[in-house]
Amino acid sequence: QFVNSYAALFYISFIKNYIGDLCNPSCLTELQTQLGTIFVTRLVSGNFTEIGLPYIKGKLNKRKETEHVETRRQSQAELEFQLATYGSQELFDDYAEMIIQF
């Protein structure tokens, strides 16, 4: 994941001038554009994955469950029981994301 994200930056900053490609107007401008693009793309996709997708899944599951059941107010414990499980793989992914960010 690290190599896929930052290989283009390495190419622009260290290799591009030596193989004959010229930076237009300068390599720093191109690096700035690439870094901004990577940052914004990761920010939007990460926020959607961590916030939007669970919200949509929760709404769909709630709609599916309430189609045939009489409605009554659930306690906080029942609501938390219906949340998705948080396993060791998710924990590892969260730590890996924090390490890459810092």
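Predicted model: local features only at pLDDT ≥ 70, side-chain atom pairs only at ≥ 80, totals over all residues.

Residues are numbered from 1 along each chain as its sequence is written, and side-chain values use heavy atoms, with hydrogens and water left out.

Q: What makes up the secondary structure of the protein, and in what order do the elements run?
A: Four helices and zero strands, running α-α-α-α from the N terminus. Helices here are DSSP runs of H or I with at least four residues, strands are E runs of at least two, and both are numbered from the N terminus.

Q: Why is the protein called more spread out than a compact globule?
A: Because its radius of gyration is 22 Å, well over the 13 Å that the globule rule gives for 102 residues. That radius is taken over C-alpha atoms, and the rule is 2.2 Å times the number of residues to the power 0.38. The C-alpha trace spans about 70 × 25 × 15 Å along its principal axes.

Q: Why does Lys-16 count as buried?
A: Buried means under 20% relative accessible area, exposed means over 50%, and partly exposed is in between (1.4 Å probe, protein chains only). Lys-16 has 12% relative accessibility, so it counts as buried. Lys-16 sits in the loop between helix H1 (2-15) and helix H2 (27-66).

Q: How do you know that the side chains of Lys-16 and Glu-30 are joined by a polar contact?
A: The contact comes out at 2.8 Å. The definition asks for a pair of N or O atoms within 3.5 Å; within protein, one must be able to donate a hydrogen and the other to accept it, and residues adjacent in sequence count only if both atoms are side-chain atoms.

Q: Is Ile-12 buried or exposed, and what does Ile-12 touch?
A: Ile-12, in helix H1, has 5% relative accessibility, so it counts as buried. Not counting residues up to four places away in sequence, Ile-12 touches Cys-27, Glu-30, Leu-31 and Gln-34, where contact means heavy atoms within 4.5 Å.

Q: Why is Arg-42 called partly exposed?
A: Arg-42 has 33% relative accessibility, which means it counts as partly exposed. Arg-42 is found in helix H2.

Q: What share of the protein is buried?
A: Buried residues make up 9% of the 102 residues.
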